[in-house]
Amino acid sequence: MIIGKSKRLFDSAQKKIPGGVNSPVRAWHAVTGVPRFIARGKGAHVIDIDGNEYIDYVGSWGPLILGHAHPYVTGALQDALRQGTTFGAPTERELQMAETVCRLIPSIEKIRLVSSGTEATMSAIRLARAFTKRSKIVKFDGCYHGHADGLLVKAGSGVVTLGLPDSPGVVPALAAETLVARYNDITGIERIFSKYGNKIAAVIVEPVCANIGVIPPASKFLANLASITRRYGSLLIFDEVVTGFRLSPGGAQEVYRVRPDLTCLGKILGGGLPLAAFGGRRDIMNLIAPLGPVYQAGTLSGNPLAVTAGLATLQQLSRHGTYQTLEKKGKYLAESFAKVLAKYKTKATVNRAGSMMTLFFGVARVSNADEARQCDREKFARFFHGMLERGVYLPPAPYEAMMISLSHSNADLHKTVAAFESWCRSDRH
Ligand code: KE4
């Protein structure tokens, strides 16, 4: 495979951009090799700067549930562009977006648009602390909610642990306000609340994990979280930046029938442009400035182009049968991979939720971050490169999610399975 241009660009990029990339995972440190510089995308395919074409399962880490350059989205953007790009003033489109999201996700009675998932979760946590007048936050080991200081914490020793900074620059005193629990472990949560309950402002959770690989919630886990937080007067925040509009029109909370107090959205919400949001109960959201005292702001919040792309995407997703189609594609791919793994007696497990999935090599079950970390990362790196050589572009990290879009054709899926079987046959380690 010719990758000379990507190599040259990557060498140059590293001179001016830390690690040569504008977000760490794009540097391929987990799989090594030369990150491909992408020239363009079309449907389920991307073409790199050297002209190599791949079936894409990164999907820009989630937003592109319709695929690349969907004509309905690009057409809407072309119309919007002619009217200008940003005004720093309210627009009708922002109201349309707010009304659409509140209709799709009934737990969201009011919503504030922002520009990234990090902003959304950071703001939701500030709001939860203001509303409850408490300072502690509970997050789960393996869940990622963006890079706000208070969320870049890791579990200390033991199960009920005060957070420790997971990055230089995070102040230990702030990290200590975040408690880290084990996903799918309701006993652990009960223990944390029995010790800190009246100090806990909120629990923030990915209702389906996507940042330690895909890990669905155990039965009743989310419902138990909702009842515990209610019992102690804490808030439940669903970080649906990934799952929102991915798993269903109403996100994971519709699938699992659990109503959080606040929800964070992103990725698909912007249809590939920078848009995210936080929203929820009216009595909580009314604390947000300028109505209330909790300050939150953004120059490009609710940007007209991003809202246009998001509305066009949500409109396409509202078409009949969309989520049945996504479920069928995801089911086919996961089951086909499982059949190949069995045929070649390769120890691995496939975790899937709708149109997102992760292969964990060397383990039989992954229900929390500790189990995920037992997986064979070397084998994953070989899997990544083996698939890349066969024209399939996977997330370049073992703890991410393959994203299937509506534009992945049956031919794309069959080719992907054939590539996987060919690699499994060759990788007899
Ligand atoms: P952003 O600030 O990257 O828009 O969103 C942060 C975020 C919040 N919540 C969840 C559940 C998320 O998955 C994310 C970001 N996801 C990663 C991929 N797993 C973004 C990719 C990257 O960091 O480059």
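**View 1. A cluster of aromatic rings in the predicted model.** Ring pairs join Phe 337, Phe 361, Phe 380, Phe 383, Phe 420 and Trp 423 into a cluster. Rings of Phe, Tyr and Trp (its six-membered ring) pair if their centres lie within 6.5 Å; planes under 30 degrees apart count as stacked, over 60 as edge-to-face and the rest as tilted. The model is predicted: local features need pLDDT of at least 70 and side-chain atom pairs count only at pLDDT 80 or more, whereas totals for chains, interfaces and linings use all residues. Residues are numbered from 1 along each chain as its sequence is written, and side-chain values use heavy atoms, with hydrogens and water left out.

**View 2. The aromatic pair Phe 140 and Phe 221.** The search of the whole structure finds 14 aromatic pairs. Phe 140 and Phe 221 form an edge-to-face pair, at 5.6 Å centre to centre and 75° between the planes. Distant parts of the chain are linked by this pair, since Phe 140 belongs to strand β5 (residues 136-140) and Phe 221 to helix α7 (residues 221-232), 81 residues apart. Helices (H or I, at least four residues) and strands (E, at least two) are DSSP runs, numbered from the N terminus. Both Phe 140 and Phe 221 are buried, that is, under 20% relative accessible area (1.4 Å probe, protein chains only), with exposed meaning over 50% and partly exposed in between.

**View 3. The aromatic pair Phe 361 and Phe 383.** The ring centres of Phe 361 and Phe 383 are 5.2 Å apart and the planes stand at 70°, so the pair is edge-to-face. Because Phe 361 lies in strand β15 (residues 356-361) and Phe 383 in helix α13 (residues 377-389), the pair ties together parts that are 22 residues apart in sequence. Phe 361 is buried at 0% relative accessibility; Phe 383 is buried with a relative accessible area of 1%.

**View 4. The residues around the ligand.** The ligand is surrounded by 16 residues, of which the closest are Ser 23, Thr 118, Asn 211, Asp 239 and Glu 400; a residue counts if one of its heavy atoms lies within 4 Å. This shell draws at least three residues from each of domain 1 (4-69 + 320-428) and domain 2 (71-317), with bounds from an automatic or database domain assignment.

**View 5. Polar side-chain atoms at the ligand.** A polar side-chain atom of Thr 118 lies 2.7 Å from a ligand oxygen atom. For Asp 239, a polar side-chain atom lies 2.7 Å from a nitrogen atom of the ligand.

Technical notes. A polar contact is a pair of N or O atoms within 3.5 Å; within protein, one must be able to donate a hydrogen and the other to accept it, and residues adjacent in sequence count only if both atoms are side-chain atoms.
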